[in-house]
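Reader: Please show the structure. I would then like to go through its local features one at a time.

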Amino acid sequence: MHQFFVEDHQVGKDFITITGKDVHHIRNVLRMAQGEVVRISSTGGRNYRCRVLEVADEFVQMDILDSEVSGTELSGRILLFQGLPKGERMEYIIQKTVELGVTEIIPVAMRYCVVKLEGSRAGKKISRWQTIAENAAKQSKRSVIPKIHPVMSFPEAAACASGCDRCLVPYENERGMEATREALSSLRGAKSVSLFIGPEGGFAPEEIEILRRDMQVISLGRRILRTDTAAITSVSMMMLQMEMDEALSGGNQIRNESVLNDVRAESGKE
């Protein structure tokens, strides 16, 4: 079943109207016909099973069959603060962590980052990364499209990350999996969780000391993981813990809001 995303205002009582680039995709690429069934998610996080009613040049009209009771989002929102990696690793990190349930991804310029993104080049990268996130969200049947933020400096990212309910920092020099187990158990009931991942060169000594002040530094085992492996491994563990906690508590739905904007507003930065 194909997946599409719409704004809340496109959802009516009985119908959903799709406009924009998805019209071309439905009409000319998928060549969908009247009567085909699709899944549609709104920006508010609601999910619908719909049937194609009309395919026109500028819009596609969908008949709402029913609204899904259970969504595909985690009980808490994960904000991934990712040190800028080399090559195409950022694209891979975005694709896989979106599939696993991350809600927002914030690229971070750190001391040991080889890549420097500025000006128009940065804008083009963010646009491409957002498209990758949207495609991954459709493929994995997410209820929301995760947001890719502009590149942040390390001080700004550290301040924003510390404003979440829980803050985890995997670090290659940290030892002891018991602390990691306790950190994952502490995620129960958290509405927002920040995850801070270093670049290929790792955290600079002064960076990890700043993060230790407000965040919990954890180990991912006795092996040294690449930055993309560390991000995917960490989000996988968090996803599993949240899914298990949600199953035990009877479920919890979240709203599609930007935690980062909330944190900035509370700290007076917006």
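Author: Phenylalanine 196 is buried, with a relative accessible area of 0%, where buried means under 20% relative accessible area, exposed over 50% and partly exposed in between (1.4 Å probe, protein chains only). This is a predicted model, in which local features need pLDDT of at least 70 and side-chain atom pairs count only at pLDDT 80 or more, while totals for chains, interfaces and linings use all residues. Residues are numbered from 1 along each chain as its sequence is written, and side-chain values use heavy atoms, with hydrogens and water left out.

Reader: What is the angle between the planes of phenylalanine 154 and phenylalanine 196?

Author: Rings of Phe, Tyr and Trp (its six-membered ring) pair if their centres lie within 6.5 Å; planes under 30 degrees apart count as stacked, over 60 as edge-to-face and the rest as tilted. The centres of phenylalanine 154 and phenylalanine 196 are 5.8 Å apart. The pair is edge-to-face because its planes stand at 70°.

Reader: How many residues apart in sequence are the parts that this pair ties together?

Author: Helices (H or I, at least four residues) and strands (E, at least two) are DSSP runs, numbered from the N terminus. Phenylalanine 154 counts as buried at 7% relative accessibility. Phenylalanine 154 lies in helix H4 (residues 154-161) and phenylalanine 196 in strand E11, so the parts tied together are 42 residues apart in sequence.

Reader: How many aromatic pairs are there by this rule, and which residues form the aromatic cluster?

Author: The count comes to four aromatic pairs. One of them is stacked, phenylalanine 81 with phenylalanine 196, at 5.5 Å centre to centre and 5° between the planes. That pair links strand E6 (residues 77-83) to strand E11 (residues 192-197), its two residues being 115 residues apart. One aromatic cluster is formed by Phe81, Phe154, Tyr171, Phe196 and Phe203.

Reader: Which strands stand at the edges of the five-strand sheet?

Author: Two strands pair if DSSP finds at least two bridges between them. The open sheet has the order E1-E3-E4-E5-E2, with mixed pairing. Each edge strand has a single partner strand, so one side of each is left without a neighbour in the sheet; these are strand E1 (3-6) and strand E2 (15-18).

Reader: Which residue in E5 stands opposite isoleucine 18?

Author: E2 and strand E5 (residues 60-67) run antiparallel and are joined by four bridges. Opposite isoleucine 18 in this arrangement stands valine 60.

Reader: Is serine 42 buried or exposed, and which side chain does it join in a polar contact?

Author: Serine 42 is found in strand E3 and is buried, with a relative accessible area of 2%. A polar contact is a pair of N or O atoms within 3.5 Å; within protein, one must be able to donate a hydrogen and the other to accept it, and residues adjacent in sequence count only if both atoms are side-chain atoms. At 3.1 Å, the side chain of serine 42 is joined to that of aspartate 8.

Reader: Where is arginine 31 found, and what is its phi?

Author: Arginine 31 is in the loop between helix H1 (21-29) and strand E3 (37-42). At 63% relative accessibility, arginine 31 counts as exposed. Most residues other than glycine have a negative phi. Arginine 31 has a positive phi, near 50°.
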